[in-house]
Amino acid sequence: MSESYHITMPNRDYHQERRDYEFARLDRDALDANPFLQFSKWMDDAIEQKTIDPTAMSVATVDQDGQPHSRIVLLKAFDENGFVFYTHYDSDKGHELESNAKTALLFFWPEMDRQIRIEGCVEKLSIAASESYFHSRPRDSQLAAFISKQSQVVANREELEQRLEAAKAQYAEQTVPHPPHWGGYRVIPQRFEFWQGRPNRMHDRFRYDKTAAETEQAWSIDRLSP
């Protein structure tokens with residue numbers, strides 16, 4: 001006679017998990033007219049405050065069925081042309097970006113009660129730019145990118161370790177070749193939102209939208225309700 005088991009599913013109540021946000025305020029006259037410069041100021045603050053992984057950002061994509069997906073990657077560079085990260089083109093996010101170039105980034109720095117949302121489209125970096133960055137990475141990171149079939153099912157950890165050891169042996173005395181399935185994307189923003197947490201949930205939120213004007217002031221700025 002088989003035994004029956006009753007599994008009690010967790011039932012957690014987090015209604016009392018809250019805190020006040022008192023790090024700073026954000027006023028309209030303190031904002032830079034250029035959202036890239038405003039981003040740079042906040043990134044500098046995050047680094048100065050020793051925020052854990054200040055360059056970590058969520059990258060959101062949508063697949064062909066309309067299902068959204070998100071994951072954390074690291075920002076590697078940015079300028080007035082956009083925000084750069086690197087990944088596998090054959091990964092889930094690579095396929096999703098291939099079919100729908102629209103994406104969204106999210107930075108969250110809880111130590112400063114701040115988040116930044118960025119929305120726009122992506123373009124691939126040149127092969128030369130991707131190859132240059134690839135060879136600047138630590139050798140073990142190069143090998144890991146070379147052997148990984150990102151997002152694909154793998155039998156076990158041992159299979160990954162075996163692939164890595166084989167690549168180490170193969171390229172022991174050679175430069176690790178830049179794999180064609182790995183490279184960079186640039187997110188070209190059309191919208192930014194800067195969020196500063198405030199007490200009693202009366203947060204400060206400002207949105208920058210790209211305008212048609214071909215000037216340095218080509219961004220409209222609006223305060224949003226919290």
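Modeller: Asp-113 lies in the loop between β5 (102-109) and β6 (114-124), where strands are DSSP runs of E of at least two residues and helices are runs of H or I of at least four, numbered from the N terminus. The model is predicted: local features need pLDDT of at least 70, side-chain atom pairs count only at pLDDT 80 or more, and totals for chains, interfaces and linings use all residues. Residues are numbered from 1 along each chain as its sequence is written, and side-chain values use heavy atoms, with hydrogens and water left out.

Biologist: Does Asp-113 count as buried or exposed?

Modeller: Buried means under 20% relative accessible area, exposed over 50%, and partly exposed in between (1.4 Å probe, protein chains only). Asp-113 is not a glycine, yet has a positive phi of about 55°. Because its relative accessibility is 4%, Asp-113 counts as buried.

Biologist: Which class of accessibility does Ser-151 have?

Modeller: Ser-151 is found in the loop between α4 and α5. Phi of Ser-151 is positive and near 80°, in a residue other than glycine. With a relative accessible area of 43%, Ser-151 is partly exposed.

Biologist: What is the distance from Asp-63 to Arg-71, the nearest side chain of opposite charge?

Modeller: Asp-63 lies in the loop between β1 (56-62) and β2 (68-74). Lys and Arg count as positive and Asp and Glu as negative, while His and the chain ends are not counted. A salt bridge requires a side-chain nitrogen of Lys or Arg within 4 Å of a carboxyl oxygen of Asp or Glu. Asp-63 is buried and has no salt bridge, Arg-71 being away by 8.6 Å.

Biologist: Which residue has its backbone nitrogen 2.9 Å from a polar atom of the side chain of Asp-63?

Modeller: Contact means heavy atoms within 4.5 Å. Neighbours within four places in sequence aside, Asp-63 is in contact with His-69 and Glu-96. The backbone nitrogen at 2.9 Å from the Asp-63 side chain belongs to Gln-67.

Technical notes
Polar contact = N/O pair within 3.5 Å; in protein donor to acceptor, adjacent residues only side chain to side chain.
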